[in-house]
Each structure stands twice: as C-alpha cells, then as structure tokens.
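Work through the exercises below with the structure open. Try each task before you read its solution.

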Amino acid sequence: MSAVIEGHHDDHHHGPAKGITRWLYTTNHKDIGSLYLWFSFIMLFIGGAMAMVIRAELFEPGSQIVSPEFYNQMVTNHGLIMVFGVIMPAFVGLANWLIPMQIGAPDMALPRLNNLSFWILPAAFGVLLATFFMEGGAPNFGWTFYAPLSTEYAPPTVTYFIFAVHIMGASSIMGSINVITTILNMRAPGMTLMKMPLFVWSWLITAYLLIAVMPVLAGAVTMMLMDIHFGTSFFKAGGGGDPVLFQHIFWFFGHPEVYIMILPAFGIVSHIIETFSRKPIFGYDSMVYAIASIALLSFVVWAHHMFTVGMPIAGELFFMYSTMLIAIPTGVKVFNWLSTMFKGSLTFETPMLFAIAFVALFTIGGLSGLMLAIAPADFQYHDTYFVVAHFHYVLVPGALFSIIAAVYYWLPKWTGYMYDEFMGKTHFWLSFVSVNLTFFPMHFVGLAGMPRRIPDYAMQFADYNMIVSVGAFLFGLSQLLFLYVVLKAIFYGKKATGQVWEGAQGLEWTLDSPPAYHTFETPPNLEAGEAKG
Amino acid sequence: MSSDSSYYVPESSKLPIFMAFGLLLFVLGAGSTINDLGKESSNSYILLMTSFAVIWGVMFVWFSNVINENNKGMYSDQLNQSFVWGMAWFIFSEVMFFFAFFLALGYVRMFSVPWLGGEGEKAIANILWPTFEATWPVMVTPDNETFPGAEKNMNMPGITKLYTWLPFWNTLCLVTSSGTIALAEAALKKGKRAAFKSWMVVTISLGFIFVFLQGLEYYEAYAHMGLTLGAGIYGTTFFLLTGFHGFHVCLGAIILTIMTIRGFGGAFSEHDHFGLAAGSWYWHFVDVVWIFLVLVVYVF
C-alpha cells in the first residue's frame, strides 16, 4: 500500500504531459480552466459574428442581407451561444483557475468529473452549430424558446437542440457540484467561510443557484420533447395545458440564470477594486449577505419577464415588488465598491478601468431593470429594444467586462507574462466607447416602440439603428484587439513577478507567476487569519 | 481506507473524454432516433444503442477504478467527504428536476384548467372552448377530438376498497424498502454481514415489485382506462410524474443490485461503505418523491 502512495507522490513532481493528450486527459484545474476560457473566447467570436450579421441586417430599414428565417436563427443562436457558450464557461474557467489557488487547495475536489464537465460542452455546441446545416435550419425561436414557437412551429432540429441543452445542463450541474464541494471541503486550515475571498463566495452561491435551476431547465425541455413527439399537452390549451406554463417554468430557471451570469462578476470586481484602491473591500460581510440575498430573491421574481401574459393582478403586484426589492442588495454592493475607492490610492491599470466601467454601466443596466420592474410601465417596454438595451448593459459592460477585467488582472499570474498596458488601455477605451454607442441608443428606439427580434423596422428608427450598427462593428473589432493583446502577452510579454500588483491580497499572489503545475499540495496554514481579500 | 493524509488527484484520465464522446453519440443518436420515429426505415437507433454501450462501459470502468483506488488506500478522509458532498448536491439537483414537474402539475390544477373552465379574471380563456367544464382529473379535455381524455382515472377508490388500488401496494413496497435498506446499513455497521445481505435482497425485491406493479398499472391505464400520454393534461402529468419517478426507481434498484452483488463478493466494511450509503440516500430520495407524488397525483 505504501508503495502505491509513494508512487503517486512522485507523479506530482513532474509537469504536464506533452501534446494533445495533455488537454484531452487532463485532471488539472489550471489546464481545465484554460480550456474553458479558450472555449469561451472562441464561442465569443462565433456568437459575435452572429451579432454582426444581425447588426448588418439592421444597418438600414428594409430587407438587406439575410432572409427573415435566417435572421431568426441568428438571433436565437447569438443568444444561446453568448449565454451558455461564452459567459457561463468563462466564469467556470475562472472558477477552475482561481478557486483552488484562492482557498489553498491542491485541485478541484473531483478532478475527473471536472474534465468531463468541460469536454461535453464542445460536444453540445458542436451539435447546436451543426443544426445550421440540417434540414429546416437551426433553432429559430429565440433563446427563450417559448412554446408553441419551439414546439408546434419549431424546425425538426429542435430535437437536437433539446438534447444539446440537456448536455449543457449536465455540464453546469457537474461543474457546480465540483465547485461547491471544493469550497465546502477543501479550504486551507484557518480559512473560515467568512474569511473566503469574495470571488469564492460569489461562486459558492452561483453554484448553488446552478444546481437548483439547471434541472428545472432540463424539465422544461423534456416537456417540450414530450409535447413535440409523444402527444402530451403540457403547453397545449386543447388538452388542458397552457403555453404560459412554459414561460413560468422557463423563467423559474431563467431568472436565477441571469444572476448566475452576474454574481461571479461581483466577486471579480470586488477583488480588482480593492487591489487598485490599495484598501480592503469596504463592508466585506455586507457584500456576502448582499450576494446571498440577491440569490434567494432570484427565485421569487421570475414572472416579471411575463407581465404581459395576463396574470392576475395579485401576481403582477407580487412580482413587481419582489423585483424592486433586489435593488436593495444591489445598491449595497455598488455603495461598497464606491466606498472602497473613496480615499483610496487609486491607479488606473486596465483591469481597474474595466472594473470601474463595470460599476458605472452595470448600474445603468440595473436602473433600466428597475424601470422594467414596474408592471404598468412594462406593458409599454415589453419586447422592445429597451429590454434589449437593458440586458445587454448588464451582460456586456456587466458580465463580459468583468471577465475581460479578470483576464487582464490574472493573466500575468496564469502565464507569468505581463500584457502590454498601452494596448490594454486602447482596448478598454475602444470597448467602452463602442459598447455605449451600441447599446445606449437602443433605449431610445425601444421607448419609441421598436420591437425586438424583427429584421426590419420603421423609417423613424433608421438613424439610431445606423449608429448602433456602427458601434457594434467597432465593438466586435475591438475584441480582436483583445485577442491580440492576450496572444502578445503569452508570446512576447515581459516577465511578471509573483505579486504582480502592488495592492493585491490573497493566496494566489503568494505563488509564483506562472504557478507550478500543482500548487498547495500541502495546504498553507492560515491560522494567523490574513486570507480575506 | 483513510491512511493517506494528502488529497489524491489523479494525474490524468482517459475516462472523461470517452464519456464525453459517449454523450455526443447520445445527443446525435437520441435526436435522430426521435426525429425518425414513424419513418419506415431508419438506422438511427444503432447510434443510440452504441452511445448507451459507450456510456455504460465507461461508467463500469470508472466506478471500478474508484473502487480499486479506494481499496489501495489512496483516498483520504477529506476526499471521502468530497464524495459525500457530491452525492448530496446531486440528489438536490434531482429534487429540482422533479420540482419542475410538480410545478407544472400545480399550475395546471390551480390555474390553467380552472381558467379554461371560465373561472376568475382569466374567464376569457373560456371563449376558446365554451362547453369545457373544469374538473380534476380532466376526463373531458377542451379539444376532445385531438386529446380524447381518459375514461377512468387513477384516484383512490375509497378506504374500503384500498386493497384493490395498486398505488396503495406500491406505497407499501417503497416505504417498507426504505426501512429495510436502513436495516441493511445498520447491520453492516455492526458487522452482521448475513443480516446485511438479507435486508439488501429484501430491499431490491421490493424495488422490483414496485417497478412491476407500476408496469401493470400502465398496462391497465392503456388497455382498460383510456388513459394515455395523448389523453390530455391528466394523462400528461400522470405519466410524466410517475414515469420519471419509476425511471428513478429503476436506477436506484440497479444501483442497489450492484451494491448487493458487491456485498456478496465481500465488499464494504463497517466504516467504509460509501457506495452503499450513497445508494441508500438515493433510495430514500426516491421514496420521499413518491410520497409527495401519491398525495398530489393520486389522492388529492
């Protein structure tokens, strides 16, 4: 028995395997983190290309480039890919890289499961993208796939879509079980829950949300499958069911899902702001409670996505007030970020710029969300470009900016090389200007009544749409610059120190840059209690 | 086995990528098989069957590896605790899967069916089928030509005729089996291997009796009660809830059968029997779901 144990101790001293099998067979959290992040980056360009098609079509009124049928497929797959293929995998990739290093664990708790969680994602998205070349074309019913658009009127490829969603869900659930188990079971001695870095806290709660709602999504697509192929009547009024039932089940999943896409961002931004303010985060405990309250509230607000389906007035009121309640913990967070910066010794490196932009622009998205929460006002805004502006503000300068900020912030740690600060700042300013150019005018056309998901529009919206399209093209091109900055850092970057950032706190900064292939094989002792942050 | 203090991280593994390949085949196989339903000649099912073979094969090797690694003493207490958390959260995810179907049942019973029948503020839905009268179970559907409704329902026939009612015997089987597996576990912890094995055999027998009775009930439903998947919302919710539950009973029974076979082969010790414990939690979970299911699907 002892021989076996010694054997595996020896294993730990050599580095990664060579060649492609390193990535196929890996059980290393750093490798799997990189796989997730690169997968997400590739999907960003695929989903982004679809956005470019959409904006090219909307550049001028009238039918321009693609058929309405293909436009629907673009809108649908842009949404699905950005949500399930970009934002979520990027956060899981960050979780893989960072959580073990931040809590002083040797790896994720279940390393083989971790590899499986990643490798089924390319399978699921491969099938989803393959539907473009199948009879009937790709899914065309919007990323929310409301019945009956996704059942009675769906293309035959919906069956593949359903199973692909099952696989994405399985990936998320397995990944989340791994994250939650790692956090609960693998913390270094002395790291109590209330001493954990905020990114770890945000992921603990995100993982809980994922395990709670991804199975509900699986239930929803299963009901679709049964309605389409096996004669059931979940979403058919003729049999006693109700198409609105689909929306209830979908949004019971969907609303926690949108917080899944923002909570880890809160953690990231907290770290970056405290580092570049050279102050510990203001109100650590309230940050934790705020994330937890947002997560719990997210289970009781879902029907604010469907104020116009004709709910009883009591329902409208309940979901209106519960939604507005979320503004309180969110306000606490924004207040804490600003207070952290207040009287700090601020410097404005690229990650900090993205983090500050996150705070400002995410707040805009949050405030338009508050407008949408008002049921009678929502009757006007529902399914207009105002909604598109709202959720793009929380997802692009919100979630995506936080991911970009995280990459700039931790890239020197991961690769051991600094990125080019000038190019990084150029990328930031181009992105910042173009993201507002793209999404701010959408508020105006939305309030004026331009409906979403339509390939053509009235003449009155022409000017703003042209501005939006120009902004979108610029934003798309700016992300190519991001790819260049990342590659340049990896291949030609200057050597980074272990500490990297002067004000950075936390266990990952005590490691070399890049860290050894296996870190914290014996856990660091934190009884002195300086792990926070 | 918990002699090693360091956390075991396998250096690399071929298993996950093969499993991912199996799942890719499954998506393609299941999608094409279902899309080809009703077509004269289709070979798609071969792909589906291949995927099952790959998935089950990988699972077999994977579990064998884990058992072997544990027997070699490579797992620390901390790693065993990871398995505990992993299983617990997996069961939570299963609970939420059932929650979706309970939510659907609750919604149609509380809202959509009464609204179709003209109740409340949504009385407007009644315009669609003015003759429809809301009752539960829905025996006559709004569009009775497309969804023919059921002739009989599965509701409890009254206390005196309880013994003629299959769900009663099903409940008895499942609740008893939850007790017997607890007895099996307790016996194992005390080192009484003979009692452990006997209670395991009793448990899985009860499990398979449940599956058999459920099959009998489905046969009755289709053959004599006009209750089918296509019979409208009552048949829909009835078959999907009991069907997914029955599927999970099958999974649980397979897990416990494997655990029993391993038990007969000398596996598990008083202090190290996580496979059995996890199977037992799963079995209790299936039991609890059934209790809720009996209440809302059959009784009330």
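## Exercise 1: a helix pair in chain B

Task: How do α3 and α7 of chain B pack, and which residues make the contact?

Solution. This is a predicted model. Start with the axes. Helix α3 (residues 77-116) of chain B and helix α7 (residues 274-299) of chain B have axes that come within 11 Å and cross at roughly 15°. Angles under 35 degrees count as roughly parallel. α3(B) and α7(B) are therefore roughly parallel to each other. Next, the hand: the crossing of α3(B) and α7(B) is right-handed.

Now list the contact residues. α3(B) brings Asn80(B), Phe83(B), Met87(B), Ile91(B), Glu94(B), Phe98(B), Phe102(B) and Leu105(B). α7(B) brings Phe274(B), Ala278(B), Trp281(B), Tyr282(B), Phe285(B), Val289(B), Phe292(B) and Val296(B). Sort them by class. The contact of α3(B) with α7(B) has 14 nonpolar residues, one polar and one charged.

## Exercise 2: chain B as a whole

Task: Describe the secondary structure, span and domains of chain B.

Solution. Count the elements: chain B has seven helices and zero strands. Along the sequence the pattern reads α-α-α-α-α-α-α. Then take the span. The C-alpha trace of chain B covers about 70 × 50 × 40 Å along its principal axes. Last, the domains. The domain assignment of chain B gives domain 1 (1-75) and domain 2 (76-299). Their C-alpha centres lie 26 Å apart.

## Exercise 3: where the chains meet

Task: Which helix of chain B gives the largest share of the side that touches chain A?

Solution. Begin with the totals. The contact takes 65 residues from chain B and 63 residues from chain A. On the chain B side, α1 (15-35), α3 and α6 (233-264) each supply at least two residues. The largest share comes from α3(B), with 22 residues. Finish with the classes: the side of chain B that touches chain A has 39 nonpolar, 18 polar and eight charged residues.

## Exercise 4: two domains in chain A

Solution. Chain A is divided into domain 1 (32-233) and domain 2 (262-520). Their centres, taken over C-alpha atoms, are separated by 18 Å. Now the contact: 39 residues of domain 1 of chain A meet 45 residues of domain 2 of chain A. On the domain 1 side, α3 (29-57), α4 (68-103) and α7 (198-229) of chain A each supply at least two residues. α4(A) gives the largest share of that side, 11 residues. By class, the domain 1 side has 28 nonpolar, eight polar and three charged residues.

## Exercise 5: a helix and its end

Task: What span is expected for α16 of chain A, and what span does the model show?

Solution. Helix α16 (residues 421-447) of chain A has 27 residues. At 1.5 Å a residue, 39 Å is expected. The model reaches 39 Å from first C-alpha to last, close to that value. Then look just after α16(A): Gly449(A) takes a positive phi of about 110°.

Definitions and conventions:
Residues are numbered from 1 along each chain as its sequence is written. Chains are lettered from A and ligands numbered from 1 in the order in which they are written. This is a predicted model: local features need pLDDT of at least 70, side-chain atom pairs count only at pLDDT 80 or more; totals for chains, interfaces and linings use all residues. Axes are lines fitted to C-alpha atoms, for helices over the stretch in contact, and angles run from 0 to 180 degrees between N-to-C directions. Helices (H or I, at least four residues) and strands (E, at least two) are DSSP runs, numbered from the N terminus. Angles under 35 degrees count as roughly parallel, over 145 as roughly antiparallel, 65 to 115 as roughly perpendicular and the rest as oblique. A crossing is left-handed if the near helix is turned anticlockwise from the far one by less than a right angle, and right-handed if clockwise. Two residues are in contact if their C-beta atoms, placed from the backbone, lie within 7 Å. Ala, Val, Leu, Ile, Met, Phe, Trp, Tyr, Cys and Pro count as nonpolar, Asp, Glu, Lys and Arg as charged, and the others, Gly among them, as polar. The expected span of a helix is 1.5 Å times one less than its number of residues. Domain bounds come from an automatic or database domain assignment.
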